[in-house]
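Please have the sequence and the 3D view open as you read.

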Amino acid sequence: MPAAKKEKVTFEAALARLDEIVKTLERGQAPLDESLALFEEGTKLLGSCGKQLDEAEQKVVRLMKGPDGAPVELAFDEG
């Protein structure tokens, strides 16, 4: 039987879940084992968000290449 595929969580969904996790941990009312599980989930989500941001930055850099193929850096408001 093939293993189930992991669905890629969208950046926005991961960020929303991270917000929920932080609020739960800040309340300090979760048992230790649940807090540890939430912390682990949060670190995985944070890594996923970081990876997605890096990928988005790479796409932007590719889109901003000059006529000679070299990357062109523009001020944010010039785009």
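This is a predicted model: local features need pLDDT of at least 70, side-chain atom pairs count only at pLDDT 80 or more; totals for chains, interfaces and linings use all residues.

Residues are numbered from 1 along each chain as its sequence is written, and side-chain values use heavy atoms, with hydrogens and water left out.

**Overall fold**

The protein has two helices and zero strands (DSSP runs numbered from the N terminus: helices are H or I with at least four residues, strands E with at least two). Of its 79 residues, 15% are buried (under 20% relative accessible area; exposed is over 50% and partly exposed in between, with a 1.4 Å probe and protein chains only). Take the contacts between residues at least 6 apart in sequence: 50% of them join residues at least 24 apart (contact means heavy atoms within 4.5 Å).

**The helix pair**

How do the axes of H1 and H2 cross? Helix H1 (residues 11–27) and H2 have axes that come within 9 Å and cross at roughly 150° (axes are lines fitted to C-alpha atoms over the stretch in contact, and angles run from 0 to 180 degrees between N-to-C directions). H1 is therefore roughly antiparallel to H2, a label for angles over 145 degrees. From H1, the contact involves Phe11, Ala14, Leu15, Arg17, Leu18, Ile21, Thr24 and Leu25. H2 contributes Ser35, Leu38, Phe39, Glu41, Gly42, Leu45, Leu46, Cys49, Gln52 and Leu53. By class, this contact of H1 with H2 has 12 nonpolar, four polar and two charged residues (Ala, Val, Leu, Ile, Met, Phe, Trp, Tyr, Cys and Pro are nonpolar; Asp, Glu, Lys and Arg are charged; the others, Gly among them, are polar).

| Residue | Relative accessibility | Class |
|---|---|---|
| Ser35 | 19% | buried |
| Glu41 | 29% | partly exposed |

Leaving out residues up to four places away in sequence, Ser35 touches Leu25 and Ala30. With neighbours within four places set aside, Glu41 is in contact with Arg17 and Ile21. The side chains of Glu41 and Arg17 make a polar contact at 2.8 Å (a pair of N or O atoms within 3.5 Å; within protein, one must be able to donate a hydrogen and the other to accept it, and residues adjacent in sequence count only if both atoms are side-chain atoms). Glu41 and Leu18, 23 residues apart in sequence, have C-alpha atoms 8.5 Å apart in space.

Technical notes: Angles under 35 degrees count as roughly parallel, over 145 as roughly antiparallel, 65 to 115 as roughly perpendicular and the rest as oblique.
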